[in-house]
Amino acid sequence: MPHLSSALIKLAAAPYRNSGRFAYHFARGKLSRDPAFAGILRQDLLPKVIRLVDLGSGQSLMASVLAHAPKDWGYELQAYTGIELMPKDTARASEALQSLIPQARFVNGDMCTTALPACNCVLILDVLHYVPIAAQDELLKKIFTTLETGGRLLLRVGDRAGGLGFHFSQWVDAVVTFIRGHQVVPTFTRSLSDWQAALQTVGFQVQSIPMHAGTPFQNILLCAEKSG
C-alpha cells in the first residue's frame, strides 16, 4: 500500500532547494504535517496511469511526490498540469520540477478561467472556497466535462457546520496566506452536505473521507467520480 514515509518526504522536498530556502522548508513542512498527501496515497485514490490537473497547485507538491514514488507502487505520471494564481509559487514549482518531470506544465493562471486539458484526475486542496459560490459551481461543471469517464475529482474542503475546528482552520488559513506574502481575501464556504449536493447536481458520485487526522481542523476530502 502506498505510504508517505519520511524518506519519500525528504526525496520529494529535495528539488525545492533549487527554488530557495523558503520553498524547500515549506515543502518539507507541508508534506510532513498535512494529512491530505498521505491520506490520498493510503486510500489509493489515484489512478495507476495518472493524467493529473492540480488546481491551486502552489508549489506542485503532489507532482514531486509522484515523481519520487517507488516503482513498485505501479504509478505512471503520464501528464501533470499545475494551475496556480500566484506567480511566485508557479515559478518555484517550475524551477524545482521542470527538469525532473519534463511532461509537466506549470501554468500561472486563474483556475476558473484557464482552459483545462483532458485528464483522469483533478486535485483541489483547500482553495475552492476562495471563489464565489456561482464561480465554484461553474468550475465544477467545467471539471466534470473535462474529466474522462471514470475519472475523479479529489476536493478537500472545510465543513462550515464543523464547529470550532472549521473556524480554527479558517483562521490558520488566513495566517498562512499572509505569511506567504499573499493578500488575505474573503472566503465562500459551505456545509459538507451542501458541497456534496453541489457535486451531485453536476453529475458526480460522491464519497466523503475525513482528512484532518492529527490536526485540530475539520477538513473533508470529497472523492467525486464521473461514472459512465
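First, the ground rules. The model is predicted, so local features need pLDDT of at least 70 and side-chain atom pairs pLDDT 80 or more, while totals for chains, interfaces and linings use all residues. Residues are numbered from 1 along each chain as its sequence is written, and side-chain values use heavy atoms, with hydrogens and water left out.

Now the overall picture. The chain has eight helices and seven strands. Helices here are DSSP runs of H or I, at least four residues, and strands are runs of E, at least two, numbered from the N terminus. Of the 228 residues, 50% count as buried. Buried means under 20% relative accessible area, exposed means over 50%, and partly exposed is in between, with a 1.4 Å probe and protein chains only. Take contacts (heavy atoms within 4.5 Å) between residues at least 6 apart in sequence. Of these, 75% join residues at least 24 apart.

On to the start of the chain. Helix α1 (residues 6-13) packs against helix α2 (residues 21-33) at about 150°, axes 9 Å apart. Axes are lines fitted to C-alpha atoms, for helices over the stretch in contact, and angles run from 0 to 180 degrees between N-to-C directions. So α1 is roughly antiparallel to α2, a label for angles over 145 degrees. From α1, the contact uses Ile-9, Lys-10, Ala-12 and Ala-13. From α2 come Tyr-24, Ala-27, Arg-28, Leu-31 and Ser-32.

Leu-11 also sits in α1.

Next, Gln-59. Where is Gln-59 found? In the loop between β1 (49-55) and α4 (61-67). Gln-59 is buried, with 1% relative accessible area. A polar atom of the Gln-59 side chain lies 3.2 Å from the backbone oxygen of Ala-23. Leaving out residues up to four places away in sequence, Gln-59 touches residues including Tyr-16, Phe-22, Asp-89, Arg-92 and Leu-97.

Helix α6 (residues 133-146) and helix α8 (residues 192-202) pack at about 45°, with axes 9 Å apart. That makes α6 oblique to α8. On the α6 side we find Gln-136, Asp-137, Leu-140, Lys-141 and Phe-144. On the α8 side are Trp-195, Ala-198, Leu-199 and Val-202.

Methods:
Angles under 35 degrees count as roughly parallel, over 145 as roughly antiparallel, 65 to 115 as roughly perpendicular and the rest as oblique. A polar contact is a pair of N or O atoms within 3.5 Å; within protein, one must be able to donate a hydrogen and the other to accept it, and residues adjacent in sequence count only if both atoms are side-chain atoms.
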